[in-house]
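Subject: Structure handover

Dear colleague,

I am passing the structure below on to you, and my notes on what was found in it follow. Please read them with the model open beside you.

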Amino acid sequence: MLVNKSISLPELMQFMTLAVYVAAAAKQFGRLGALYQQTMGAAERVFEIVDTRSDLPDAPNAIVLKNVEGRVECQNISFEYNTGEPVIQDLSFNIDPGEVVAIVGPSGAGKSTIADLLLRFYDVDKGRILIEGHDIRNIKTVSIREITAMVPQETILFSGTIAENISYGRPGADISEVIEVAKAANAHDFIQACPNGYETELGEGGVGLSGGQRQRISIARALLKNPKILILDEATSSLDAASEGIVQEALDRLMKGRSTLVIAHRLSTVKNAHKIYVMDRGRVTESGSFDDLMRAGGLFEQLYKTQFRTQEAQ
Ligand SMILES: Nc1ncnc2c1ncn2[C@@H]1O[C@H](COP(=O)(O)OP(=O)(O)O)[C@@H](O)[C@H]1O
Ligand SMILES: [Mg+2]
């Protein structure tokens, strides 16, 4: 066009300059998408911390439990996170000392909420929860947390060594105790196989552990804490069949002599519970022993048969 004289040299220069600017701006625009994604990711993590549950204040004359046997009574409790959306409705159950009580039910039924209420992360709206015969609102929160331990579905490990992660269950425990509980939790062998054994760093920049290994660290932690009341919230549900067996064996050792609340959606894991409560949408729909429930032929029997068939097919 310059040769044809349809544009002048200054016009060409103007066009070139503008084109460079426009191209650069367009490129920036493309980056915006990635930046947006990054920001959203970071914001999510910030909100996770902001949303972290903080403890409810202790009552002025709250007590510290002594000589705990492990008795839990939930009496007609109701609870909602948001007004008008009941999550737990008029629910009752008891755990006698040393007993294994299971709660089963579909996802969203309110099972994990019960665990949170027992640990007093929230207060019930109606009814009451008693530990050793005392309303938990009259017990110091540290006292509740001291006598209970929870093995959740996904164990949170801290950056720090494996030994530190286990002794989080009882700070100040010495290494021989840590090794003892790790053995009972079927964790000793894989820990020894780690580059620095018990001193191996975990977390960011450290060694990554499999789901089953993390659960066994969590079990070792709970063993070290030696609680009277144990809560297992779908503790094996994210594991494959091979690691489930070895984790279940460790759990059986952990449960011995403790009052245990087993929350499960895999019904085969609750066969040996003393009592099973079937929950749906915040209510208990059936309860009894495994045999009782199978005989009754209700929701439990249906769920069991469906799960059994799917497991066979796998
Ligand atoms: N922190 C929360 N805030 C509001 N709603 C929640 C919260 N936690 C759970 N819920 C809701 O409560 C109901 C029961 O959840 P949950 O106790 O986790 O069920 P489950 O463990 O049986 O799958 C669900 O509808 C869930 O969306
Ligand atoms: Mg849950």
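A nonpolar core is a set of buried Ala, Val, Leu, Ile, Met, Phe, Trp, Tyr and Cys residues joined through C-beta atoms within 7 Å, where buried means that 20 or more other C-beta atoms, placed from the backbone, lie within 10 Å of a residue's own. This is a predicted model, in which local features need pLDDT of at least 70 and side-chain atom pairs count only at pLDDT 80 or more, while totals for chains, interfaces and linings use all residues. Residues are numbered from 1 along each chain as its sequence is written, and chains are lettered from A and ligands numbered from 1 in the order in which they are written.

The largest nonpolar core holds 67 residues, and Ala102, Val104, Ile166, Ile219 and Ala220 have the most contacts inside it. Helix α7 gives the most to this core, with 6 residues; helices (H or I, at least four residues) and strands (E, at least two) are DSSP runs, numbered from the N terminus. Beyond its neighbours within four places in sequence, Ala220 is in contact (C-beta atoms within 7 Å) with Ile166, Val181, Ala182, Ala185 and Ala187.

In helix α8, the buried residues are Glu244, Ile246, Val247, Ala250, Leu251 and Leu254, and their cover includes α7 (211–225) and β9 (229–233). Just after α8, Gly257 takes a positive phi of about 75°.

Around ligand 1, counting residues whose C-beta atom lies within 6 Å, the shell includes Tyr81, Asn82 and Lys111, and helix α2 (residues 111–118) gives the most to this shell, with 3 residues.

Best regards

Conventions. Buried ≥ 20, exposed ≤ 12 C-beta atoms within 10 Å, placed from the backbone. Contact = placed C-beta atoms within 7 Å.
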